[in-house]
Amino acid sequence: MTTLVLAVIALFWISPLALLVITAVRPLSDFIGNGPLSWPADFTWKNFSDAWDIGNFATTYRNSAVLAVIKVPLGVLVSAMLGFALAKLRMKFRRTVMFSVFLGLTIPIYITIVPVFIMMRSAGATDSIFGLIGPYLAFGIPFEVLVLQSFFRQIPDEIIEAAKVDGAGDWRVFFTIILPLSVPALVTVAILDAVATWNEFLFALILLNSDAHKTIPVGLLNFQGQFANNNTGLAAGILIAVVPILIAYTLLQRWIVGGLTAGSLKG
């Protein structure tokens with residue numbers, strides 16, 4: 001009975017994606033004539049080629065990939081260093097620093113749009129994918145620190161003390177002991193950060209102007225007007241945009257679950 005209930009829930013959960021796929025591979029005339037919930041009488045791949053051109057995906061894919069390749073490793077490294085310091089090092093104002101970092105989790109992104117735009121414009125960093133790195137780091141680090149410092153707390157202090165007896169400093173302990181032992185948590189925050197960076201829309205919309213610098217979420221706005229009534233073309237464009245995320249979640253979901261739960265278990 002439990003299996004049956006879970007199967008029904010799973011089918012209900014995946015139904016929007018299934019409908020999106022079916023819509024993307026059917027002709028527009030079939031969609032209009034038979035309705036969105038009907039099984040297609042014919043299939044076509046032309047929607048994808050048209051959507052690729054209209055969405056300018058050749059450019060937006062490159063911009064999003066460059067941004068993710070730079071921002072994600074940098075954010076994970078900074079978060080890991082701060083998480084290690086908060087979890088294992090004796091430092092002044094530790095609680096104040098921890099409170100300040102976690103306070104970032106409570107600040108809605110929407111109330112920061114105007115001040116961030118003013119700062120970026122003053123620094124000449126608007127209409128540049130590199131200008132997005134600062135805001136992305138500011139809003140990504142608090143969550144990553146929360147996950148990583150919880151994981152670091154489970155690493156036995158005896159391992160660190162033994163390394164220090166052998167003459168290892170804090171930096172050596174961090175790079176040679178802490179990071180290798182924390183691969184599951186590091187992979188987890190890297191995956192989640194990459195997904196958040198890939199899907200981020202608001203800052204990219206406000207700070208990017210030219211088509212040459214737009215990321216994938218902003219590029220999807222190109223479908224307004226051209227595809228006002230072309231639901232099949234829009235569905236194809238959405239699928240093109242989310243395919244990397246779906247593949248990443250499918251292949252790496254065990255890392256995500258394992259990394260998030262590891263910090264909650266006593267080692």
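Rings of Phe, Tyr and Trp (its six-membered ring) are taken to pair if their centres lie within 6.5 Å, with planes under 30 degrees apart counted as stacked, over 60 as edge-to-face and the rest as tilted. By this rule the structure holds ten aromatic pairs. One of them joins F57 and Y61 in an edge-to-face arrangement, 6.1 Å centre to centre with 65 degrees between the planes. Both F57 and Y61 belong to helix α4, where they sit four residues apart, about one turn of the helix.

The model is a predicted one, in which local features need pLDDT of at least 70 and side-chain atom pairs count only at pLDDT 80 or more, while totals for chains, interfaces and linings use all residues. Residues are numbered from 1 along each chain as its sequence is written, and side-chain values use heavy atoms, with hydrogens and water left out.

Confidence is given by pLDDT, the predictor's score for each residue from 0 to 100. The chain averages a pLDDT of 85, and 93% of the residues score at least 70. Helix α4 (residues 57-88) has the highest confidence, at a mean of 93, and helix α13 (residues 223-226) the lowest, at 63. Over residues 263-267 the pLDDT is below 50, and this stretch has six contacts in the model beyond near neighbours in sequence. Where pLDDT is low, the predicted coordinates should not be read in detail.

The chain has 14 helices and zero strands; these are DSSP runs numbered from the N terminus, with helices (H or I) of at least four residues and strands (E) of at least two. Taken along the principal axes, the C-alpha atoms of the chain fill a box of roughly 75 × 60 × 30 Å.

Angles under 35 degrees count as roughly parallel, over 145 as roughly antiparallel, 65 to 115 as roughly perpendicular and the rest as oblique. The axes of α4 and α10 come within 9 Å and cross at roughly 140 degrees, so the two helices are oblique to each other. Contact means heavy atoms within 4.5 Å; on the α4 side the residues involved include Y61, A65, A68 and V72, which face a set in α10 with L186, V189 and A190 among them. This contact divides into twelve nonpolar, two polar and two charged residues, where Ala, Val, Leu, Ile, Met, Phe, Trp, Tyr, Cys and Pro count as nonpolar, Asp, Glu, Lys and Arg as charged, and the others, Gly among them, as polar.

Helix α4 also packs against α9, at an angle of about 110 degrees with the axes 11 Å apart, and the two are therefore roughly perpendicular. Here L77, A80, M81 and F84 of α4 meet D170, W171, V173, F174, F175, I178 and L179 of α9. By class, this contact has ten nonpolar, no polar and one charged residues.

Finally, α9 (residues 170-181) and α10 (residues 183-199) have axes that come within 5 Å and cross at roughly 75 degrees, which means that α9 is roughly perpendicular to α10. L179, P180 and L181 in α9 meet V183, P184 and L186 in α10, a contact of six nonpolar, no polar and no charged residues.

Definitions and conventions
Axes fitted to C-alpha atoms, helices over the stretch in contact; angles between N-to-C directions.
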